[in-house]
Amino acid sequence: MRGLRTTALAVLAAALLGAVLLAATGANPLVAFESIVVGAFGPDGLPDTLAYAVPVAGMATALAIPLRAGLVNLGGEGQLVLGAISAVAVGLQVPGVLGIVAALLAGVLAGALYAAFAAVCETALGVPLLVSTLLLSYPAVSLAAYLVRFPMRDPGSSLPQSEQLPPDVHLPALADTGLTAGLFLVLAAVVVYAVVDARTPAGFEARVTGWGPRFAQYAGIDRPRLTVRLLACSGGLAGLVGAVVVLGFPYRFIDGALITPQYTWIGLLAALLAAASPLGTLLAALFFAALTSGGFALERATQVPRELTAVLQAVLIIFLAAATGLLRGRKGAA
Amino acid sequence: MDAALFASALGALTPILFAALAGALCQRAGVFNISLEGTMLVGCFAGVAGSWYGGSVWVGVLAAALAGTAYSLVLAVGTITFRGDAVVLGVAVNLLAVGLTSFLVQTVFGTRGTFSDPALAGLDPLTVPGLSEVPFLGEVLSGHSALVYLSWLAVPVLAVFLGRHPWGLRLRGVGERPEAAASLGVPVDRYRYGAILAAGALCGLAGAQLALGNVTLFSENMTAGRGWIAVVAVLLGRALPYGVLAAAVLFGLAEAAGFRLQGLGLPQQATDAAPYVVTLVALFVFSARRTVKRST
């Protein structure tokens, strides 16, 4: 277990390095940090931060689920995209409120089945999960790219994008914030994960496997079954996030629109940062979403490229992983 | 199939081969290195920056190798000195490389996304005397950049190093039985540092070939998954130099065949996916014969 102090120290060290980088580019670090905070949480920035945080938090939780048992799902991108394209395909066929439900379910199902297949690759076919999830991710992205260029292409547009979903298959918007009811779906998923993790045998099995896979095996935990189950949950949630994104503005699947914002990789960083604890993952995802959205404000205020915030996120994880290792090493020696 | 296709496939698989050899070296030393992608990207940037400011493509190649080595220090210090988790650190190092190079391309070159300039010196193709006269083979094997030939040379060199040289044998000992190696007085951590840093230099060369050989430009995230393919090639080739070469060639052939099928009317997306599917199937086949040793 990682202490709050270690995390705080790592954040401080990353901030310090950021200040040095900022000073090197000729900007005033204090002004820059202020613009990040104001840009992320100010009245203009907060809706953008939250809109970005919903898919990031969703993906972070999705990837945290298997990570709890020490399993790394590197194929979130494929599961996310497959969920999104399935949701659009179903949403274009089924009218009305039923269409929303059917589209969301299609997203969950597509992501879950695809991730479960990756799990079976490890448990039955002997390909390590890290590799099977990653390798399966690319064909899924290619398949979606193909579908929106040919069979599902919007005939009225020259861009690789699907047709727009009919208005009754849009997720209800929350005022005019750019947020949709998808926020509640993702929050619900986080709550379910938290409860299952803390209160149920299934959550306990996953945590025990994370602490010590060999002990877990000795205790009679069926690892292959656990792997398939956790991956199905992980992929299902990733698929749901994809569905939620495409059922919001601009209500269609656009090739690359789920990949460019790096939802998956930032989500994975958040899950890693929080060691997959449910609440911690949510907070880390919010933190990273705020940093990313603050990066845009930073760029406007100081001409410093917004990628600086991406650098800070990665540096933070590196410091944290090193600090955690150091603590573990000391405990082991004592 | 035509020779030009094979020739371009050879050029395209060179960065993967360099990175996969780097991964194999680390694997044999007992380090699971998934930071190949990011280190290669740093090599791409340093190669272009070195060639641009140094005025010679060789300054760029040297800069790429040095930058790759320096960058891999992050992983080395994190995993060996601080005993951090290799997977967590690898993912973070990859993301850091994307952020850092995107940041630098703007602060150094003042442009967003892609930097290219007609004055940027790239690697020249070498004509191999004699070989270039041979029909077909000459067209396929001659006319590549020096780094392509260096990557071919690196395969037997690494094989001999790991198979015969005392350092290579000790390195394998460190990977297979670290406690036993330590008890015989082999400095385990020092060998692992060496493996990671050498892998960094190889990834730097991979980046140099990609950014100065295959194309002559730097573009954000231009490695586009090649480092991950290298990770898979290490697994598929069981971290043996010739095995890794075979895996990289399989990958290159799948890509070339994909391009060929594209000419026959198959959509480009199918050919994009082909190498990954072929690799996965190859992994199934190999693990069906032997149980794959878990490599985490």
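Q: Where is the place of A:Gln303 in chain A?
A: A:Gln303 sits in the loop between α12 (278-302) and α13 (307-333) of chain A. Helices here are DSSP runs of H or I with at least four residues, and strands are runs of E with at least two, numbered from the N terminus. The model is predicted: local features need pLDDT of at least 70 and side-chain atom pairs count only at pLDDT 80 or more, while totals for chains, interfaces and linings use all residues. Residues are numbered from 1 along each chain as its sequence is written, with chains lettered from A and ligands numbered from 1 in the order in which they are written.

Q: What makes B:Phe136 count as exposed?
A: B:Phe136 has 10 C-beta neighbours inside 10 Å, so it is exposed. B:Phe136 lies in the loop between β1 (114-115) and α5 (137-141) of chain B, and has a positive phi near 60°.

Q: Why is B:Gly163 called partly exposed?
A: There are 13 other C-beta atoms within 10 Å of B:Gly163, and that count falls between the limits for exposed and buried. B:Gly163 belongs to helix α6 (residues 146-163) of chain B.

Q: How do you know that α10(B) is largely enclosed by the rest of the structure?
A: Eleven of its eleven residues are buried, so α10(B) is largely enclosed. Among them are B:Trp228, B:Ala230 and B:Ala233. Just after this helix, B:Arg238 takes a positive phi of about 50°.

Q: What makes a set of residues a nonpolar core?
A: The members are buried Ala, Val, Leu, Ile, Met, Phe, Trp, Tyr and Cys residues joined through C-beta atoms within 7 Å. The largest such core has 224 residues, of which A:Val56, A:Ile318, B:Ala20, B:Ala92 and B:Ala233 touch the most other members. Helix α9 (residues 188-214) of chain B gives the most to this core, with 15 residues.

Q: Which residues is B:Ala20 in contact with, leaving aside its neighbours within four places in sequence?
A: Two residues are in contact if their C-beta atoms, placed from the backbone, lie within 7 Å. For B:Ala20 these partners are B:Ala230, B:Ala233, B:Val234, B:Val244, B:Ala247 and B:Ala248.

Q: How many residues of chain B are in contact with chain A?
A: 41 residues of chain B are in contact with 36 residues of chain A. On the chain B side, the largest share, 15 residues, comes from α4(B). That side divides into 25 nonpolar, twelve polar and four charged residues. Ala, Val, Leu, Ile, Met, Phe, Trp, Tyr, Cys and Pro count as nonpolar, Asp, Glu, Lys and Arg as charged, and the others, Gly among them, as polar.

Q: How do you know that the radius of gyration of chain A agrees with a compact globule?
A: The radius is taken over C-alpha atoms, and the globule rule is 2.2 Å times the number of residues to the power 0.38. For 334 residues a compact globule would be near 20 Å, and chain A has 20 Å, so the two agree. Buried residues make up 56% of chain A.

Note on methods: A residue is buried if 20 or more other C-beta atoms lie within 10 Å of its own, exposed if 12 or fewer, and partly exposed in between; C-beta atoms are placed from the backbone.
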